[in-house]
Amino acid sequence: MSTDTGRTRPWQGRLDAGHRPVQDEWNSLVLNASTVRSWEPGIVPGLFQTADYARCVFDGLGELRDIPKDTNDAVSARLKRQEWLGLPGKKLHQLIWEGALHARLGPPAVMAAQLDRILAVLDLDTVSLGVVPFSAGLRLLVGSSFTMVDERLVVVEDWHAEHWLDDADAVALHRKVWDAHARSAVHGDDARQLIVRARSGLTV
C-alpha cells in the first residue's frame, strides 16, 4: 500500500501565468487516462462545458483570484480536453447534483446552450451520466467535487488549492463516496428529463 498521501497544490503561485497552464496540465492527465470518474455538485463539469459557459467560469475565478486574464486561452484548452470523449477505449463516469443544472453561472442564453450540450453528450458511448435529483434520498452529504483518474489518483478542488491524493486509502474512500452518490442518481431517460426540466425553466 502506498504511504504517499499526495500533494496539496495551492492556487497561489500556480495561477501566476493565468488559467491556461493549469488547463494544459489537466489535459495531459486526462489524455493518458482510460477511465475518469467524477462527482460534481456545483457546476457543469469541464468535459461538458460550452465555450461561453467556460468563459463565465474562468472570468469569475480570475476576478476572485486576481490573476492574469487569459480566458480565451483557458477556454480553448478546456475544449481541447473534450476531444478525449471521442477517443476509443475511454470512459467517463460522471455524476452531477441536480443543482448544477440550475446554477446560473451565465445569462439564460448561455445556460440554455449549455444544457443542450449536456443532452447531446448523453448519446456518446464514452459517457455515462448520472444526475442526483433534489428529491433523491442521499446516503451521504453532498460534499465537495472530485475527480478520479484510473482509480489511482483523486483530485479534490477547493477555493484554496487542488489536492492530489494517490494514497490507496484515500482513493478507496473517494470511490466509496462516488458509489454512494451513484446509488442516489438516475440515468438514461430519467436523467434526460431532469435536464429538459431545467432547460424549460429558462427564458431566452
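The dialogue below goes from the whole protein to two of its residues, D158 and T147.

Q: What kind of model is this, and how are its residues numbered?
A: This is a predicted model, in which local features need pLDDT of at least 70 and side-chain atom pairs count only at pLDDT 80 or more, while totals for chains, interfaces and linings use all residues. Residues are numbered from 1 along each chain as its sequence is written, and side-chain values use heavy atoms, with hydrogens and water left out.

Q: How many helices and strands does the protein have?
A: Helices (H or I, at least four residues) and strands (E, at least two) are DSSP runs, numbered from the N terminus. In this protein they come to eight helices and seven strands.

Q: How does the radius of gyration of the protein compare with that of a compact globule?
A: The radius is taken over C-alpha atoms, and the globule rule is 2.2 Å times the number of residues to the power 0.38. For 204 residues the rule gives a value near 17 Å, and the protein, at 17 Å, agrees with it. The C-alpha trace spans about 45 × 40 × 35 Å along its principal axes.

Q: What share of the residues is buried?
A: Buried means under 20% relative accessible area, exposed means over 50%, and partly exposed lies in between (1.4 Å probe, protein chains only). Of the 204 residues in the protein, 50% are buried.

Q: Where does D158 lie, and which residues does D158 touch?
A: Contact means heavy atoms within 4.5 Å. D158 lies in the loop between β6 (153-157) and β7 (161-165), and, not counting residues up to four places away in sequence, D158 touches W11, R65 and H163. D158 counts as partly exposed because its relative accessibility is 33%.

Q: Which backbone nitrogens lie by the side chain of D158?
A: A polar atom of the D158 side chain lies 2.8 Å from the backbone nitrogen of H160, and the backbone nitrogen of A161 lies 2.7 Å from a polar atom of that side chain.

Q: Is T147 buried or exposed, and which side chain joins T147 in a polar contact?
A: A polar contact is a pair of N or O atoms within 3.5 Å; within protein, one must be able to donate a hydrogen and the other to accept it, and residues adjacent in sequence count only if both atoms are side-chain atoms. T147, in strand β5 (residues 146-149), counts as buried because its relative accessibility is 15%, and a polar contact of 3.5 Å joins its side chain to that of S38.
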